[in-house]
Amino acid sequence: MTSSAGASDPVSPGLPERPTARVLLFDRADRILLMKGRLPASPKGPGAWFPVGGGVEPGETHRQAAAREIREETGVVDFELGPVVWVREGVMRLPRPTLFREVYIVARCQGGEPDRSGWDALERELIDDIRWWTQADLEATTDRVFPPGLAERLPPLISGRYPDAPLPIPWD
């Protein structure tokens, strides 16, 4: 399912693409780690919460990117990657329209306080917070959380029930 976010531009051929690995990182207490950040196109905006992850580098698989992003963004080095459970695509302005092709991978770790020492300058500038969320926290928040409907989609994953094939989820 493709749509646009932050833009009225329809998806069209020729847009730059950004393959992205997003990690649904759970700790032993079944909390999920989310970051709160703002887009470079709107650095003064209110921001939103979203899973750990980022762009897939040339020559890297989505799983390799997911593992790298966990280490860089959280400092966690002992984790277990699970399956790809969702896929999502849409257009975002960064500042020019870019087609994001996101893959969501489940991962498990012991938990602990995230370490920000691996963050680059742009992450330090645009990421305001990183913390563990319970299912109840997500259901109660009035903050923006991405992907949309995250709280409703987590219970099967928390209990270890994964789809047979990655499920497409909406961009908006």
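Start your tour by selecting Val 23, Leu 25, Met 35, Ile 70, Phe 79 and Leu 81: of the 23 residues in the largest nonpolar core, these touch the most other members. A nonpolar core here is a set of buried Ala, Val, Leu, Ile, Met, Phe, Trp, Tyr and Cys residues joined through side-chain atoms within 4.5 Å. Buried means under 20% relative accessible area, exposed over 50%, and partly exposed in between, with a 1.4 Å probe and protein chains only. At least two residues of this core come from each of β2, β3, β4 (48-55), α1 (62-74), β5 (79-93), β6 (97-109) and β7 (127-133). These helices (H or I, at least four residues) and strands (E, at least two) are DSSP runs, numbered from the N terminus. Apart from this core lies another, of 17 residues, including Val 85, Tyr 104, Val 106 and Leu 150. In soluble globular proteins, nonpolar side chains tend to be buried together.

Before moving on, keep in mind that this is a predicted model, where local features need pLDDT of at least 70, side-chain atom pairs count only at pLDDT 80 or more, and totals for chains, interfaces and linings use all residues. Residues are numbered from 1 along each chain as its sequence is written, and side-chain values use heavy atoms, with hydrogens and water left out.

The chain averages 90, and 91% of the residues score at least 70. Over residues 1-10 the pLDDT is below 50; beyond near neighbours in sequence, this stretch has 25 contacts in the model, a contact being heavy atoms within 4.5 Å.

Now select Glu 73 in helix α1. A salt bridge is a side-chain nitrogen of Lys or Arg within 4 Å of a carboxyl oxygen of Asp or Glu. Show Gly 53 too: its backbone nitrogen lies 2.9 Å from a polar atom of the Glu 73 side chain.

Next come the salt bridges, 13 by this rule. Select Glu 17 and Arg 101, whose closest N and O atoms are 2.9 Å apart. This pair links strand β2 with strand β6, 84 residues apart.

Then pick Arg 38 and Asp 128, a salt bridge with its closest N and O atoms 2.8 Å apart. Arg 38 lies in the loop between β3 and β4 and Asp 128 in strand β7, so the pair ties together parts that are 90 residues apart in sequence. Arg 38 is buried at 17% relative accessible area, whereas Asp 128 is partly exposed at 40%.

Move to Arg 68 and Glu 57, which meet in a salt bridge (3.7 Å, N to O). Arg 68 is in helix α1, and Glu 57 is in the loop between β4 and α1. Salt bridges that share partners join Glu 57, Glu 60, Arg 68, Glu 69 and Glu 72 into one network.

Two loop stops remain. Asp 30 lies between β2 (17-26) and β3 (32-37), and has a positive phi of about 65° although it is not a glycine. Asp 30 is in contact with Arg 108 and Ile 158, leaving aside neighbours within four places in sequence. Finally, select Pro 147 in the loop between α3 (135-140) and α4 (150-158). A cis peptide bond, with omega about 0°, joins Phe 146 and Pro 147.

Terms used: pLDDT = per-residue confidence, 0-100. Polar contact = N/O pair within 3.5 Å; in protein donor to acceptor, adjacent residues only side chain to side chain.
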